[in-house]
Amino acid sequence: MKYYSTNHKAPDVTLSEAVVKGLAPDRGLYMPETLKSLDRDFFENIDSMTFQEMSYRVADAFFGEDIPAEDLKKIVYDTLAFETPCVKVDENIYSLELFHGPTLAFKDVGARFMARLLGYFNRNEKQLVNVLVATSGDTGSAVANGFLGVPGVHVYVLYPKGKVSPIQECQFTTLGQNITALEIDGVFDDCQALVKNAFMDAELNGRMKLTSANSINVARFLPQAFYYFNAYAQMKRIDKADDLVICVPSGNFGNITAGLFGWKMGLPVKRFIAANNANDIFYKYLQTGVYSPRPSVQTLANAMDVGDPSNFARVLALYGGSHADIAGHIGGATYSDSQIAETLKECYARTGYLLDPHGACGYRALREQLEPGQCGVFLETAHPAKFKEKVDSITGGDVGIPARLQAFMKGTKQSIGLSKDYADFRNFLFEESR
Ligand SMILES: *Cc1c(COP(=O)(O)O)cnc(C)c1O
(Lines give C-alpha, C1' and ligand atoms only; values in the text may rest on other atoms or scores of the structure.)
Protein backbone atom coordinates (compact mmCIF):
# COMPACT_ATOMS: atom_id res chain seq x y z
CA MET A 1 0.00 0.00 0.00
CA LYS A 2 1.19 3.48 -0.83
CA TYR A 3 0.88 6.37 1.60
CA TYR A 4 0.31 9.93 0.39
CA SER A 5 0.93 13.21 2.20
CA THR A 6 -2.09 15.34 3.16
CA ASN A 7 -0.22 18.34 1.69
CA HIS A 8 0.17 16.56 -1.69
CA LYS A 9 3.63 18.04 -2.24
CA ALA A 10 5.75 15.03 -1.35
CA PRO A 11 6.16 11.70 -3.13
CA ASP A 12 4.08 8.70 -2.09
CA VAL A 13 5.95 6.28 0.16
CA THR A 14 5.78 2.69 1.32
CA LEU A 15 4.55 1.71 4.77
CA SER A 16 8.06 1.24 6.12
CA GLU A 17 9.12 4.68 4.83
CA ALA A 18 6.02 6.29 6.33
CA VAL A 19 6.75 4.66 9.70
CA VAL A 20 10.42 5.63 9.76
CA LYS A 21 9.83 9.18 8.47
CA GLY A 22 6.78 9.98 10.62
CA LEU A 23 6.02 13.35 9.03
CA ALA A 24 6.15 13.80 5.24
CA PRO A 25 8.86 16.16 3.89
CA ASP A 26 6.16 18.71 2.93
CA ARG A 27 5.06 18.62 6.61
CA GLY A 28 1.86 16.80 5.70
CA LEU A 29 0.60 13.64 7.38
CA TYR A 30 0.70 10.28 5.71
CA MET A 31 -2.59 8.66 4.74
CA PRO A 32 -3.14 5.22 3.19
CA GLU A 33 -4.06 5.54 -0.48
CA THR A 34 -7.12 3.30 -0.07
CA LEU A 35 -9.17 2.03 2.82
CA LYS A 36 -10.43 -1.48 2.28
CA SER A 37 -13.94 -2.25 3.43
CA LEU A 38 -14.44 -5.24 5.65
CA ASP A 39 -17.15 -7.57 4.42
CA ARG A 40 -20.62 -8.15 5.79
CA ASP A 41 -19.60 -11.56 7.05
CA PHE A 42 -16.97 -10.01 9.27
CA PHE A 43 -19.47 -7.70 10.96
CA GLU A 44 -22.04 -10.46 11.31
CA ASN A 45 -19.59 -12.72 13.13
CA ILE A 46 -17.58 -10.10 14.96
CA ASP A 47 -19.26 -10.83 18.30
CA SER A 48 -17.94 -14.38 18.26
CA MET A 49 -14.32 -13.38 17.62
CA THR A 50 -11.65 -12.61 20.19
CA PHE A 51 -10.24 -9.08 20.32
CA GLN A 52 -7.02 -10.38 18.77
CA GLU A 53 -8.80 -12.21 15.94
CA MET A 54 -10.90 -9.21 14.90
CA SER A 55 -7.92 -6.87 15.21
CA TYR A 56 -5.86 -9.07 12.97
CA ARG A 57 -8.58 -8.80 10.30
CA VAL A 58 -8.52 -5.01 10.60
CA ALA A 59 -4.70 -4.95 10.58
CA ASP A 60 -4.72 -7.13 7.47
CA ALA A 61 -6.82 -4.51 5.66
CA PHE A 62 -4.29 -1.79 6.57
CA PHE A 63 -0.99 -3.62 6.44
CA GLY A 64 -1.63 -7.00 4.79
CA GLU A 65 -0.01 -6.04 1.48
CA ASP A 66 3.23 -5.09 3.21
CA ILE A 67 3.76 -7.72 5.90
CA PRO A 68 3.40 -11.50 5.61
CA ALA A 69 0.34 -12.84 7.43
CA GLU A 70 2.19 -14.77 10.12
CA ASP A 71 4.43 -11.83 11.02
CA LEU A 72 1.53 -9.40 11.13
CA LYS A 73 -0.48 -11.76 13.26
CA LYS A 74 2.34 -12.00 15.76
CA ILE A 75 2.68 -8.20 15.93
CA VAL A 76 -1.07 -7.78 16.53
CA TYR A 77 -1.31 -10.57 19.10
CA ASP A 78 1.72 -9.23 21.02
CA THR A 79 0.29 -5.73 21.03
CA LEU A 80 -3.13 -6.66 22.38
CA ALA A 81 -2.07 -8.66 25.37
CA PHE A 82 -4.52 -6.84 27.65
CA GLU A 83 -8.28 -6.39 27.89
CA THR A 84 -10.41 -3.40 26.86
CA PRO A 85 -13.79 -4.12 28.50
CA CYS A 86 -16.97 -2.11 27.92
CA VAL A 87 -18.45 -1.36 31.34
CA LYS A 88 -21.95 -0.06 31.98
CA VAL A 89 -21.89 3.30 33.76
CA ASP A 90 -25.35 4.68 33.30
CA GLU A 91 -28.58 4.02 31.38
CA ASN A 92 -27.40 3.36 27.80
CA ILE A 93 -23.92 4.72 28.52
CA TYR A 94 -20.87 2.45 28.53
CA SER A 95 -17.20 3.09 29.25
CA LEU A 96 -14.67 1.42 26.95
CA GLU A 97 -11.81 1.03 29.42
CA LEU A 98 -8.57 1.50 27.52
CA PHE A 99 -6.42 1.66 30.62
CA HIS A 100 -5.54 -1.95 31.31
CA GLY A 101 -2.14 -1.77 29.58
CA PRO A 102 1.25 -1.25 31.25
CA THR A 103 1.02 2.55 31.71
CA LEU A 104 -2.74 2.68 32.30
CA ALA A 105 -3.65 4.77 29.25
CA PHE A 106 -4.84 4.07 25.70
CA LYS A 107 -1.55 5.23 24.18
CA ASP A 108 -0.10 1.85 25.18
CA VAL A 109 -1.86 0.22 22.20
CA GLY A 110 -0.38 2.48 19.53
CA ALA A 111 3.03 2.61 21.17
CA ARG A 112 3.31 -1.18 21.46
CA PHE A 113 2.19 -1.71 17.91
CA MET A 114 4.57 0.89 16.53
CA ALA A 115 7.46 -0.58 18.52
CA ARG A 116 6.87 -4.03 17.10
CA LEU A 117 6.40 -2.76 13.56
CA LEU A 118 9.56 -0.65 13.67
CA GLY A 119 11.50 -3.55 15.17
CA TYR A 120 10.17 -5.75 12.37
CA PHE A 121 11.17 -3.37 9.57
CA ASN A 122 14.60 -2.86 11.10
CA ARG A 123 15.23 -6.52 11.94
CA ASN A 124 17.85 -7.13 9.25
CA GLU A 125 19.58 -3.75 9.48
CA LYS A 126 22.90 -3.31 11.22
CA GLN A 127 22.16 0.25 12.23
CA LEU A 128 20.01 0.95 15.30
CA VAL A 129 16.89 3.11 14.91
CA ASN A 130 16.74 5.85 17.51
CA VAL A 131 13.35 7.10 18.62
CA LEU A 132 13.34 10.62 20.06
CA VAL A 133 10.29 11.54 22.08
CA ALA A 134 9.57 14.76 23.97
CA THR A 135 6.99 14.33 26.69
CA SER A 136 5.05 16.24 29.28
CA GLY A 137 4.35 12.88 30.92
CA ASP A 138 2.03 10.38 29.31
CA THR A 139 3.42 9.90 25.81
CA GLY A 140 6.91 9.24 27.15
CA SER A 141 5.76 6.50 29.47
CA ALA A 142 3.65 4.75 26.82
CA VAL A 143 6.42 4.92 24.22
CA ALA A 144 9.15 3.83 26.65
CA ASN A 145 7.12 0.85 27.84
CA GLY A 146 5.98 -0.05 24.34
CA PHE A 147 9.55 -0.13 23.05
CA LEU A 148 11.17 -1.73 26.10
CA GLY A 149 13.32 -4.66 25.02
CA VAL A 150 12.55 -4.33 21.29
CA PRO A 151 15.77 -5.31 19.47
CA GLY A 152 17.36 -2.84 17.07
CA VAL A 153 15.62 0.21 18.57
CA HIS A 154 16.80 2.70 21.18
CA VAL A 155 14.49 5.28 22.77
CA TYR A 156 15.45 8.68 24.19
CA VAL A 157 12.73 10.27 26.29
CA LEU A 158 13.19 14.02 26.85
CA TYR A 159 11.19 15.44 29.75
CA PRO A 160 11.14 18.77 31.57
CA LYS A 161 12.87 18.67 34.96
CA GLY A 162 10.44 18.96 37.85
CA LYS A 163 7.42 19.29 35.57
CA VAL A 164 6.15 15.73 35.33
CA SER A 165 4.42 13.96 38.20
CA PRO A 166 6.50 11.48 40.25
CA ILE A 167 4.29 8.60 39.04
CA GLN A 168 4.83 9.58 35.41
CA GLU A 169 8.54 10.11 35.87
CA CYS A 170 9.17 6.63 37.24
CA GLN A 171 7.33 5.08 34.30
CA PHE A 172 10.18 5.99 31.96
CA THR A 173 13.19 6.55 34.23
CA THR A 174 13.26 3.15 35.91
CA LEU A 175 13.27 0.90 32.87
CA GLY A 176 16.91 0.77 31.75
CA GLN A 177 17.74 -1.54 28.80
CA ASN A 178 17.10 0.31 25.52
CA ILE A 179 15.38 3.28 27.19
CA THR A 180 17.35 6.41 28.12
CA ALA A 181 15.63 9.21 30.02
CA LEU A 182 16.96 12.73 29.52
CA GLU A 183 15.97 15.26 32.15
CA ILE A 184 16.01 18.64 30.45
CA ASP A 185 16.48 21.82 32.46
CA GLY A 186 13.57 23.61 30.81
CA VAL A 187 9.89 23.26 29.97
CA PHE A 188 8.08 20.86 27.65
CA ASP A 189 8.41 23.23 24.69
CA ASP A 190 12.19 23.19 25.13
CA CYS A 191 12.16 19.38 24.95
CA GLN A 192 10.07 19.51 21.80
CA ALA A 193 12.38 22.12 20.24
CA LEU A 194 15.43 19.91 20.94
CA VAL A 195 13.77 16.97 19.18
CA LYS A 196 12.75 19.11 16.19
CA ASN A 197 16.27 20.52 15.88
CA ALA A 198 17.72 17.02 15.92
CA PHE A 199 15.44 15.90 13.10
CA MET A 200 16.57 18.86 10.98
CA ASP A 201 20.28 18.39 11.71
CA ALA A 202 21.68 16.87 8.51
CA GLU A 203 25.06 15.92 9.98
CA LEU A 204 23.45 14.16 12.93
CA ASN A 205 21.02 12.32 10.66
CA GLY A 206 23.98 11.16 8.60
CA ARG A 207 25.37 9.41 11.68
CA MET A 208 22.24 8.13 13.35
CA LYS A 209 18.92 6.86 12.12
CA LEU A 210 16.38 9.04 13.92
CA THR A 211 12.61 8.78 14.08
CA SER A 212 9.73 10.11 16.16
CA ALA A 213 6.96 8.26 17.92
CA ASN A 214 4.28 10.87 18.25
CA SER A 215 0.67 10.36 17.22
CA ILE A 216 1.17 11.61 13.68
CA ASN A 217 2.99 8.35 12.93
CA VAL A 218 0.74 5.96 10.97
CA ALA A 219 2.04 3.01 12.98
CA ARG A 220 0.93 4.66 16.19
CA PHE A 221 -2.48 5.98 15.27
CA LEU A 222 -3.91 3.33 12.89
CA PRO A 223 -3.84 0.43 15.39
CA GLN A 224 -6.10 2.52 17.61
CA ALA A 225 -8.87 1.50 15.19
CA PHE A 226 -8.77 -2.02 16.68
CA TYR A 227 -10.61 -1.20 19.86
CA TYR A 228 -13.49 0.55 18.11
CA PHE A 229 -14.31 -2.78 16.48
CA ASN A 230 -14.03 -4.40 19.87
CA ALA A 231 -16.43 -1.86 21.36
CA TYR A 232 -18.93 -2.60 18.61
CA ALA A 233 -18.57 -6.36 19.15
CA GLN A 234 -19.13 -6.02 22.88
CA MET A 235 -22.23 -3.89 22.34
CA LYS A 236 -23.52 -6.34 19.74
CA ARG A 237 -23.21 -9.16 22.28
CA ILE A 238 -25.66 -7.36 24.56
CA ASP A 239 -27.87 -6.30 21.65
CA LYS A 240 -27.08 -2.59 21.99
CA ALA A 241 -25.15 -1.98 18.77
CA ASP A 242 -27.90 -0.86 16.42
CA ASP A 243 -27.81 2.86 16.98
CA LEU A 244 -24.35 3.34 18.38
CA VAL A 245 -22.73 6.69 19.20
CA ILE A 246 -19.04 6.74 20.09
CA CYS A 247 -17.61 9.63 22.06
CA VAL A 248 -13.88 10.28 22.19
CA PRO A 249 -12.08 12.66 24.58
CA SER A 250 -9.82 14.39 22.08
CA GLY A 251 -6.63 16.44 22.07
CA ASN A 252 -4.48 15.78 19.02
CA PHE A 253 -7.35 13.84 17.40
CA GLY A 254 -5.30 10.72 16.65
CA ASN A 255 -7.63 8.50 18.63
CA ILE A 256 -10.88 9.68 17.06
CA THR A 257 -9.31 9.66 13.59
CA ALA A 258 -8.59 5.95 14.01
CA GLY A 259 -12.28 5.43 14.83
CA LEU A 260 -13.29 7.36 11.74
CA PHE A 261 -11.04 5.09 9.67
CA GLY A 262 -12.91 2.14 11.17
CA TRP A 263 -16.20 3.70 10.17
CA LYS A 264 -14.93 4.24 6.61
CA MET A 265 -14.13 0.52 6.53
CA GLY A 266 -17.72 -0.30 7.34
CA LEU A 267 -17.94 -0.22 11.13
CA PRO A 268 -21.62 0.57 11.82
CA VAL A 269 -21.32 3.62 14.07
CA LYS A 270 -24.16 6.11 13.78
CA ARG A 271 -22.07 9.11 14.70
CA PHE A 272 -19.04 10.24 16.66
CA ILE A 273 -18.62 12.96 19.25
CA ALA A 274 -15.28 14.65 19.90
CA ALA A 275 -15.25 15.86 23.52
CA ASN A 276 -12.84 18.71 24.25
CA ASN A 277 -11.76 20.42 27.43
CA ALA A 278 -11.40 24.23 27.36
CA ASN A 279 -9.16 23.84 24.29
CA ASP A 280 -12.14 24.06 21.97
CA ILE A 281 -10.53 24.60 18.56
CA PHE A 282 -12.35 21.69 16.95
CA TYR A 283 -15.62 22.54 18.65
CA LYS A 284 -15.38 26.07 17.21
CA TYR A 285 -14.56 24.65 13.80
CA LEU A 286 -17.73 22.55 13.86
CA GLN A 287 -19.79 25.62 14.75
CA THR A 288 -18.26 28.09 12.32
CA GLY A 289 -16.40 26.20 9.60
CA VAL A 290 -13.29 28.17 10.48
CA TYR A 291 -10.26 26.40 11.90
CA SER A 292 -8.25 28.78 14.03
CA PRO A 293 -5.51 27.26 16.17
CA ARG A 294 -4.55 29.04 19.39
CA PRO A 295 -1.94 28.44 22.09
CA SER A 296 -3.20 25.72 24.43
CA VAL A 297 -4.46 26.44 27.95
CA GLN A 298 -3.79 24.16 30.93
CA THR A 299 -6.71 22.10 32.19
CA LEU A 300 -7.55 19.21 34.50
CA ALA A 301 -7.60 16.91 31.46
CA ASN A 302 -4.06 17.86 30.52
CA ALA A 303 -3.42 15.18 27.89
CA MET A 304 -5.98 17.07 25.78
CA ASP A 305 -4.35 20.49 26.17
CA VAL A 306 -3.73 20.96 22.48
CA GLY A 307 -4.21 24.22 20.61
CA ASP A 308 -3.57 22.94 17.09
CA PRO A 309 -4.62 19.29 16.81
CA SER A 310 -2.15 17.65 14.46
CA ASN A 311 -4.55 15.04 13.12
CA PHE A 312 -7.07 17.64 11.96
CA ALA A 313 -5.49 17.34 8.50
CA ARG A 314 -6.47 13.67 8.45
CA VAL A 315 -10.05 14.39 9.48
CA LEU A 316 -10.30 16.89 6.61
CA ALA A 317 -8.82 14.38 4.18
CA LEU A 318 -11.30 11.67 5.23
CA TYR A 319 -14.27 13.93 4.41
CA GLY A 320 -12.81 15.52 1.29
CA GLY A 321 -12.46 18.81 3.15
CA SER A 322 -16.24 19.24 3.50
CA HIS A 323 -17.22 21.08 6.66
CA ALA A 324 -20.86 20.12 6.14
CA ASP A 325 -20.01 16.41 6.03
CA ILE A 326 -17.72 16.64 9.05
CA ALA A 327 -20.25 18.58 11.12
CA GLY A 328 -23.00 16.21 9.99
CA HIS A 329 -21.19 13.15 11.27
CA ILE A 330 -19.10 14.35 14.20
CA GLY A 331 -20.59 16.22 17.14
CA GLY A 332 -18.57 18.44 19.44
CA ALA A 333 -18.48 19.37 23.10
CA THR A 334 -16.29 21.56 25.29
CA TYR A 335 -16.03 21.59 29.08
CA SER A 336 -14.37 23.87 31.60
CA ASP A 337 -12.41 22.49 34.54
CA SER A 338 -15.31 23.13 36.88
CA GLN A 339 -17.64 21.17 34.59
CA ILE A 340 -15.14 18.31 34.44
CA ALA A 341 -14.86 18.24 38.24
CA GLU A 342 -18.61 18.45 38.72
CA THR A 343 -19.19 15.58 36.25
CA LEU A 344 -16.57 13.36 37.85
CA LYS A 345 -18.03 13.98 41.30
CA GLU A 346 -21.65 13.56 40.28
CA CYS A 347 -21.07 10.36 38.33
CA TYR A 348 -19.09 8.81 41.17
CA ALA A 349 -21.66 9.73 43.82
CA ARG A 350 -24.62 8.50 41.79
CA THR A 351 -23.28 5.46 39.93
CA GLY A 352 -20.13 4.46 41.85
CA TYR A 353 -18.08 4.67 38.64
CA LEU A 354 -14.89 6.69 38.99
CA LEU A 355 -14.00 8.59 35.82
CA ASP A 356 -10.68 10.23 35.08
CA PRO A 357 -10.79 13.89 33.96
CA HIS A 358 -10.52 12.95 30.26
CA GLY A 359 -13.19 10.27 30.40
CA ALA A 360 -15.39 12.72 32.30
CA CYS A 361 -15.57 14.92 29.17
CA GLY A 362 -16.62 11.90 27.10
CA TYR A 363 -19.22 10.73 29.58
CA ARG A 364 -20.77 14.18 29.92
CA ALA A 365 -21.04 14.70 26.17
CA LEU A 366 -23.02 11.45 25.89
CA ARG A 367 -25.28 12.42 28.79
CA GLU A 368 -26.04 15.69 27.05
CA GLN A 369 -26.29 14.54 23.46
CA LEU A 370 -27.64 10.98 23.26
CA GLU A 371 -31.04 10.85 21.65
CA PRO A 372 -33.81 8.53 22.88
CA GLY A 373 -33.16 4.94 21.80
CA GLN A 374 -29.47 5.51 21.17
CA CYS A 375 -26.66 3.79 22.99
CA GLY A 376 -23.35 5.47 23.66
CA VAL A 377 -19.82 4.31 24.36
CA PHE A 378 -17.20 6.77 25.56
CA LEU A 379 -13.51 5.95 25.49
CA GLU A 380 -12.12 5.97 29.03
CA THR A 381 -8.62 6.94 27.95
CA ALA A 382 -6.78 6.67 31.28
CA HIS A 383 -7.09 5.11 34.73
CA PRO A 384 -8.16 7.66 37.37
CA ALA A 385 -5.14 6.70 39.51
CA LYS A 386 -2.92 8.42 36.93
CA PHE A 387 -4.44 11.68 38.15
CA LYS A 388 -4.69 10.64 41.78
CA GLU A 389 -4.16 14.05 43.45
CA LYS A 390 -6.75 15.77 41.27
CA VAL A 391 -9.29 12.95 41.40
CA ASP A 392 -8.99 12.52 45.18
CA SER A 393 -9.45 16.22 45.79
CA ILE A 394 -12.60 16.24 43.65
CA THR A 395 -14.26 13.18 45.17
CA GLY A 396 -12.79 13.41 48.66
CA GLY A 397 -11.85 9.74 48.25
CA ASP A 398 -8.62 7.80 47.95
CA VAL A 399 -8.24 6.04 44.62
CA GLY A 400 -6.16 2.89 44.87
CA ILE A 401 -2.99 2.68 42.77
CA PRO A 402 -3.00 -0.48 40.63
CA ALA A 403 -0.17 -2.92 41.29
CA ARG A 404 1.53 -2.36 37.93
CA LEU A 405 1.82 1.35 38.64
CA GLN A 406 3.20 0.66 42.11
CA ALA A 407 5.81 -1.63 40.60
CA PHE A 408 7.29 1.29 38.66
CA MET A 409 7.47 3.36 41.81
CA LYS A 410 9.72 0.79 43.46
CA GLY A 411 12.34 0.98 40.68
CA THR A 412 15.44 3.19 40.80
CA LYS A 413 15.31 6.42 38.87
CA GLN A 414 18.04 6.70 36.24
CA SER A 415 18.24 9.77 34.05
CA ILE A 416 20.80 12.01 32.45
CA GLY A 417 20.53 15.74 33.06
CA LEU A 418 21.02 18.12 30.14
CA SER A 419 20.56 21.85 29.60
CA LYS A 420 18.01 23.09 27.10
CA ASP A 421 20.76 24.16 24.67
CA TYR A 422 20.71 22.21 21.45
CA ALA A 423 24.53 22.07 21.40
CA ASP A 424 24.50 19.95 24.59
CA PHE A 425 21.89 17.55 23.30
CA ARG A 426 23.74 17.26 20.00
CA ASN A 427 27.05 16.50 21.73
CA PHE A 428 25.32 13.89 23.79
CA LEU A 429 23.87 12.17 20.70
CA PHE A 430 27.22 12.34 18.89
CA GLU A 431 28.82 10.54 21.85
CA GLU A 432 26.04 7.95 21.77
CA SER A 433 26.60 7.30 18.07
CA ARG A 434 30.26 6.36 18.51
C1 LIG B 1 -3.42 11.44 24.59
C2 LIG B 1 -4.64 11.42 25.43
C3 LIG B 1 -5.89 11.91 24.98
C4 LIG B 1 -6.06 12.57 23.62
O5 LIG B 1 -5.90 11.69 22.56
P6 LIG B 1 -5.66 12.26 21.08
O7 LIG B 1 -5.40 11.08 20.24
O8 LIG B 1 -4.46 13.17 21.20
O9 LIG B 1 -6.88 13.01 20.70
C10 LIG B 1 -6.99 11.76 25.79
N11 LIG B 1 -6.88 11.22 27.03
C12 LIG B 1 -5.70 10.76 27.51
C13 LIG B 1 -5.66 10.17 28.88
C14 LIG B 1 -4.54 10.83 26.73
O15 LIG B 1 -3.38 10.39 27.24
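Q: Where α5 passes α6, is the crossing left-handed or right-handed?
A: α5 passes α6 in a right-handed crossing, meaning that the near helix is turned clockwise from the far one by less than a right angle, with anticlockwise being left-handed. Helices (H or I, at least four residues) and strands (E, at least two) are DSSP runs numbered from the N terminus. This is a predicted model, in which local features need pLDDT of at least 70 and side-chain atom pairs pLDDT 80 or more, while totals for chains, interfaces and linings use all residues. Residues are numbered from 1 along each chain as its sequence is written, and side-chain values use heavy atoms, without hydrogens and water.

Q: OK, and at what angle do α5 and α6 pack?
A: Helix α5, residues 107–121, and helix α6, residues 138–147, pack at about 40 degrees with their axes 8 Å apart (axes are lines fitted to C-alpha atoms over the stretch in contact, and angles run from 0 to 180 degrees between N-to-C directions). The two helices are therefore oblique to each other (under 35 degrees is roughly parallel, over 145 roughly antiparallel, 65 to 115 roughly perpendicular, the rest oblique).

Q: Which residues make that contact?
A: On the α5 side they are K107, D108, A111, R112, M114, A115, R116 and L118, and from α6 come T139, A142, V143, G146 and F147, contact being heavy atoms within 4.5 Å. These residues divide into seven nonpolar, two polar and four charged (Ala, Val, Leu, Ile, Met, Phe, Trp, Tyr, Cys and Pro are nonpolar, Asp, Glu, Lys and Arg charged, the others, including Gly, polar).

Q: How do α6 and α7 pack?
A: The angle between α6 and helix α7, residues 166–173, is about 30 degrees, and their axes are 8 Å apart, which makes α6 roughly parallel to α7. Their crossing is left-handed, and the contact joins D138, G140, S141, A144 and N145 of α6 to Q168, Q171 and F172 of α7. By class, the α6 and α7 contact residues are two nonpolar, five polar and one charged.

Q: Switching topic, what does P102 touch?
A: P102, in the loop between β4 (93–97) and α5, touches F82, D108, R112, Q171, R404 and F408, leaving aside residues up to four places away in sequence.
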